[in-house]
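Please look over the model below. The text that follows goes through its surface patches and one of its sheets.

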Amino acid sequence: QKNGVSNGSLYKKTFIEHFEQAPMYVAVLTFLGFGVGTIFGYLRDFMRAWGLEKRNIAAEREQQKDFVPLYQDFENFYTRNLYMRIRDNWNRPICSVPGPQFDLMERITDDYNWTFRFTGRTIKNVINMGSYNYLGFAETDVNALKTVTIELQKYGTGICSTRQEMGTLDKHVELENLVAKFLGVEDAMVFGMGFATNSMNIPALVGKGCLILSDELNHTSLVLGARLSGATIRIFKHNNMQSLEKLLRDAIIYGQPRNHRAWRKIIILVEGIYSMEGSIVRLPELVSLKKKYKAYLYLDEAHSIGAVGATGRGVVEYFGMSPDDVDVLMGTFTKSFGAAGGYIAGKKDLVDFLRTHSHSAVYATSMCPPVAEQIIRAMKCLMGLDGTTQGLQRVRQLGKNTRYFRRRLHEMGFIIYGNDDSPVVPLLLYMPGKIGAFARRMLEKNIGVVVVGFPATPITESRARFCVSAAHTREMLDTVLNALDELGDFLHLKYSRYSKSSHPELYEENRLELED
Amino acid sequence: EKEELIEEWQPEPLVPPVSKDHPALNYNIVSGPPTHIITVNGNECINFASFNFLGLLDNEKVKSAAQASLKKYGVGTCGPRGFYGTFDVHLELEERLAKFMRTEEAIIYSYGFATIASAIPAYSKRGDIVFVDEAACFAIQKGLQASRSNIKLFKHNDMTDLERLLKDQETEDQKNPRKARVTRRFIVVEGLYMNTGDVCPLPELIKLKYKYKVRIFLEESLSFGVLGEHGRGITEHFGINIDDIDLISANMENSLASIGGFCCGRSFIIDHQRLSGQGYCFSASLPPLLAAAAIEALNIMEDNPDIFQTLRVKCEQIHKALQGISGLKVVGESFSPALHLQLEESCGSRESDEKLLKRLVDYCMNRGIALTQAHYLEKEEKCVPPPSIRVVVTVEQTEQELDKAASLLKEAALSLLN
């Protein structure tokens with residue numbers, strides 16, 4: 001089903017998102033699968049408790065046996081019995097650059113995933129559909145990394161001090177000016193870790209007496225930052241503007257819960273692209289709501305900066321809006337820029353305030369210089385300041401790859417979530433047994449995928465998540481698609497009730513032809 | 001009527017305005033690498049402000065290991081540990097750290113602050129009790145806040161106060177034994193305190209641990225690579241069996257001159273963080289060039305165990321030389337490489353103290369010694385330490401430089417504090 005757009009006139013181009021529901025029998029079978037797993041789990045726990053089966057987990061020290069137990073037995077039930085069975089699909093170690101293809105270290109288990117050992121062989125040239133390498137900047141080309149090599153030799157790897165003490169280098173100032181120019185805002189500030197950017201700056205911006213309206217599916221870092229701030233948190237349904245409007249109206253009319261005083265400020269936390277759903281935030285409606293109710297908008301562009309927008313400036317450019325509409329622009333450099341760290345950008349007052357009051361500026365180390373240089377060179381490439389059009393080509397290639405990949409998957413009959421322009425493609429698997437089977441068989445075909453289950457997703461909606469990259473060639477995508485086709489038939493994953501022939505208007509073929 | 005309410009409501013501005021001469025607004029800008037000779041705001045100075053204890057920041061071997069890693073892996077890892085972000089260098093670094101600290105397992109985080117702030121909430125939940133020292137650093141405070149546990153502060157390094165709290169807790173337990181059986185208890189202390197420069201009395205803490213059945217989490221950011229005969233930290237310094245400490249957390253940003261942090265301990269404890277440490281599961285992993293630099297730094301630490309003795313000698317030297325400056329007192333142990341210089345008599349308000357210290361710092365910076373004030377967020381800290389100047393001793397400072405620093409400080413104090 002397409003998601004309806006309430007204020008269609010605000011959108012300059014069509015906004016299509018898909019969240020198809022699977023047929024009922026799938027939900028039934030999924031619950032059945034989990035039920036069987038749980039029963040076996042109880043059985044195994046019982047056998048372990050009575051010594052009929054070997055205990056494989058590490059145990060508490062003899063001297064500390066009479067301390068209060070560190071873990072509740074039930075907390076780990078899911079981990080011990082369900083996660084352990086398919087554990088080999090996560091934490092797979094790699095030994096090359098995480099580009100469009102990478103090398104995996106072969107590891108096998110002798111005791112059903114309780115321990116692993118490395119055989120010493122590597123599986124070479126596995127197609128990488130899991131790393132966040134949207135623009136292909138994770139590369140080891142000597143020319144591309146020339147400046148990074150020079151800066152590493154000059155500066156070394158560490159800083160050993162915080163921003164406010166002795167840790168602000170000229171490189172940081174250069175980077176911050178470049179980020180501000182790239183985004184079209186007055187000023188920006190960079191931090192050493194993307195997760196920490198959220199968890200240390202939201203508490204600096206809001207405190208007790210403020211209201212935070214956060215999307216249902218926000219990332220853990222946003223949730224942690226909101227909790228640490230001490231403000232009241234209310235959650236609105238994912239990307240649902242009516243739910244948000246209702247919360248805003250209630251908040252202003254009724255005030256704070258106990259004393260009915262007016263809220264000091266209201267801040268809305270959303271993400272540009274949601275990493276588990278592939279949906280893009282409805283920015284035009286959000287901005288009009290925020291202006292009407294005088295709330296502040298905090299936009300986390302971790303996955304969308306560099307990946308959407310005609311020149312890679314993120315969702316603000318994608319919707320043709322001005323960066324002044326968003327009060328706090330936040331993003332990370334890990335995904336599209338192939339580095340590490342995060343930034344917050346906006347008006348000069350905001351950034352000055354963060355320079356003096358952010359927890360990160362006072363207590364946490366600043367970003368290390370070679371990483372800063374990598375971001376500078378990637379950003380210059382994107383902005384065209386290095387004299388080539390390579391940056392723009394990468395963004396266009398990513399758009400082409402995304403649309404092609406999504407179109408073919410729809411044609412094949414898989415259920416895919418998310419917006420047609422988002423490079424994050426979740427493919428629904430639903431049943432717990434298929435999670436393990438899917439990932440293992442794809443690895444046998446030399447394709448590395450990421451599968452996610454409960455608790456990162458709702459219990460019935462386990463999925464495989466593909467991250468399309470600008471560095472993937474058409475051949476690589478075709479290999480993956482053919483493998484998916486085969487596997488989809490083998491595992492019966494093609495749940496979609498809509499195929500291309502019945503709804504031709506869903507597929508923007510004309511747009512693809514114009515780009516080519 | 002509802003529309004009227006919506007029209008009338010005016011929120012506060014998003015951020016309060018910051019005055020142009022706010023003391024923390026204008027950063028010291030360092031041109032070039034923050035090594036032994038540092039160029040701050042255009043002045044060339046000797047660096048007494050960066051926590052580069054073992055001088056590994058511009059070590060050639062460390063840089064070449066990072067270069068090799070850069071050629072092989074690029075810069076970023078493009079993913080969290082669970083989704084193809086685990087590189088063989090990460091696994092190697094974890095093994096080496098575990099071997100160096102003589103524990104079963106180690107786990108790496110990509111940011112020093114996030115290490116202890118993610119480790120504490122992974123074990124201690126709502127309803128558990130944590131006894132923490134008053135002078136604990138901000139990262140510990142944030143970890144405790146995220147864990148939503150009951151926090152009980154005890155006076156800095158005061159074991160009688162801690163014992164009193166533990167006894168009170170015991171009497172509470174006897175009233176409600178069912179609840180007591182499931183309430184976990186932890187003590188969180190630092191090896192070498194960043195805010196006061198002294199060590200925690202670990203042997204007494206171990207006795208209290210077994211007497212009252214509490215687990216100990218030790219934060220060794222400053223003492224890793226500094227204390228102990230081989231740099232293994234405070235457990236080696238006091239000669240304690242490392243298995244007696246449940247979790248040791250440290251960051252690699254001080255002695256190892258890299259970025260990131262690690263936790264080490266028994267597998268029973270550390271393995272839990274791989275699924276429930278938030279900064280581990282939901283954040284991209286450490287860039288491989290930093291991991292390679294850390295491995296090389298560990299190699300250097302293992303091959304040259306005499307640098308720790310050299311560092312200790314220099315610390316004692318500067319500690320002695322800074323005694324007797326009129327108007328300033330030295331806060332910190334004699335073997336601590338990160339000391340504080342506080343005003344003996346306060347001027348009245350914290351702001352005026354800070355202004356005075358800033359003039360001292362500027363005086364020294366204009367004459368070739370780079371120092372910095374210790375910065376805190378006054379409103380956010382539980383117990384704000386008094387304003388002070390941070391003096392950091394590194395292995396690269398020569399005797400003449402230490403003497404120069406001491407005499408310059410004496411001069412500054414004489415001219416500005418009278």
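On the surface, Glu1(B), Glu4(B), Glu7(B) and Glu8(B) gather in a patch of negative charge. The model is predicted: local features need pLDDT of at least 70, side-chain atom pairs count only at pLDDT 80 or more, and totals for chains, interfaces and linings use all residues. Residues are numbered from 1 along each chain as its sequence is written, chains are lettered from A and ligands numbered from 1 in the order in which they are written, and side-chain values use heavy atoms, with hydrogens and water left out.

Patch residues have over 30% relative accessible area and no salt bridge; like charges are joined within 9 Å, nonpolar side chains (Val, Leu, Ile, Met, Phe, Trp, Tyr) within 5 Å. A salt bridge is a side-chain nitrogen of Lys or Arg within 4 Å of a carboxyl oxygen of Asp or Glu.

Glu8(B) lies in helix 1 (residues 2–8) of chain B; helices are DSSP runs of H or I with at least four residues, strands runs of E with at least two. With a relative accessible area of 57%, Glu8(B) is exposed (exposed is over 50%, buried under 20%, partly exposed in between, with a 1.4 Å probe and protein chains only).

Tyr25(A), Leu29(A) and Leu32(A) make a nonpolar surface patch of about 310 Å². Leu32(A) belongs to helix 1 (residues 24–49) of chain A and is exposed at 53% relative accessibility.

An open sheet of 5 strands has the order 5(A)-1(B)-2(B)-3(B)-14(B), with mixed pairing. Strand 5 (168–169) of chain A and strand 14 (369–370) of chain B are at the edges, each with a single partner strand, so one side of each has no neighbour in the sheet. Two strands pair if DSSP finds at least two bridges between them. Strand 3 (residues 43–47) of chain B runs parallel to strand 14 of chain B, joined by 2 bridges. Ile46(B) stands opposite Ile369(B) of strand 14 of chain B.

Note on methods. Areas by Shrake-Rupley, 256 points an atom, 1.4 Å probe, with all protein chains shown as cover. Lys, Arg positive; Asp, Glu negative; His and termini not counted. Charge placed at Lys NZ, Arg CZ, Asp CG, Glu CD.
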